[in-house]
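User: Could you walk me through this one, starting with the sheet and ending at the ligand?
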Amino acid sequence: MVLVVTRDEDNAPNLAPIAWQCPLNYDQVTKLLIVCASENKTLRNIMQTGKFVVCLPHASQVEMVKLLGSCSGHDVNKIEKFGIRTFSSGRFQMQVPEGCIGYIECEMFKTVEDDDVIVVFGRAVYAAVDEQAFSDRLMPERPEGKTLHHLGAKIFMVPGDKSI
Ligand SMILES: Cc1cc2nc3c(=O)[nH]c(=O)nc-3n(C[C@H](O)[C@H](O)[C@H](O)COP(=O)(O)O)c2cc1C
């Protein structure tokens, strides 16, 4: 699962967990998609600015993830409310939570609507990663590479140490 950082047209930042996401392509440019409920502030922001940042939270950030999913940026500035420490992403200067394993800055290039959800397609323009967590691939056998996997409801899992 990922955290999606956006900002609105007044530059107010927002952060939301998104479990439904998928890589789409990597040649010649990395593309991915996220599935957003149409009422979410995240979707509104993406439609306004055309930009979003996909962050890979570390497993140790699970409580922060739950908090960020508990309310909407329509009602509150979640970064201030939960005291989340952030740094500026490379190109968009959006607020990425400290401690994330990595992030990908994306430009939205297409949306597909289905009932009350919108599939948002993003093209990567910049990415950065904790080099302790990646070496050609994600290294979940290292403490730094422990990603977070959402199983539904409030249940999450962490990858094990053995590749099979
Ligand atoms: C673990 C987790 C996974 C979630 N996955 C999704 C998702 O894939 N798509 C979605 O639209 N909302 C998802 N949500 C719900 C949104 O994160 C939640 O509605 C959030 O408050 C939306 O915030 P926003 O209005 O500021 O965008 C998830 C929430 C949690 C806690």
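**Strands, a helix and a ligand shell**

Analyst: Happy to, and please keep in mind that this is a predicted model.

User: How many bridges join β5 to β8, and which way do the two strands run?

Analyst: Strand β5 covers residues 51-56, and strand β8 covers residues 102-114. The two run antiparallel, and the number of bridges joining them is six.

User: Which strands stand at the edges of the sheet, and why is one side of each left without a neighbour?

Analyst: The open sheet has seven strands in the order β2-β1-β5-β8-β9-β4-β3, paired antiparallel. An edge strand has a single partner, so one side of it has no neighbour in the sheet. The strands in that position are β2 (13-18) and β3 (21-25).

User: What angle does helix α1 make with β1?

Analyst: Helix α1, residues 41-49, packs on the sheet and touches β1, β2, β4, β5, β8 and β9. Its direction and that of β1 (2-7) make an angle of about 50°.

User: Now the ligand: which element gives the largest share of the shell around it?

Analyst: The shell has 21 residues, and the closest are W20, T42, G69, S72 and G73. Two or more residues come from each of β2, β4, α1 and α2 (62-68). The largest share is four residues, and it comes from β2.

User: How many residues of that shell are charged?

Analyst: Eleven residues of the shell around the ligand are nonpolar and eight are polar. The charged ones number two.

Conventions. Residues numbered from 1 in each chain as written. Predicted model: local features only at pLDDT ≥ 70, side-chain atom pairs only at ≥ 80, totals over all residues. Pairing = 2+ DSSP bridges. Contact = placed C-beta atoms within 7 Å. Axes fitted to C-alpha atoms, helices over the stretch in contact; angles between N-to-C directions. Near = placed C-beta within 6 Å. Nonpolar A, V, L, I, M, F, W, Y, C, P; charged D, E, K, R; others polar.
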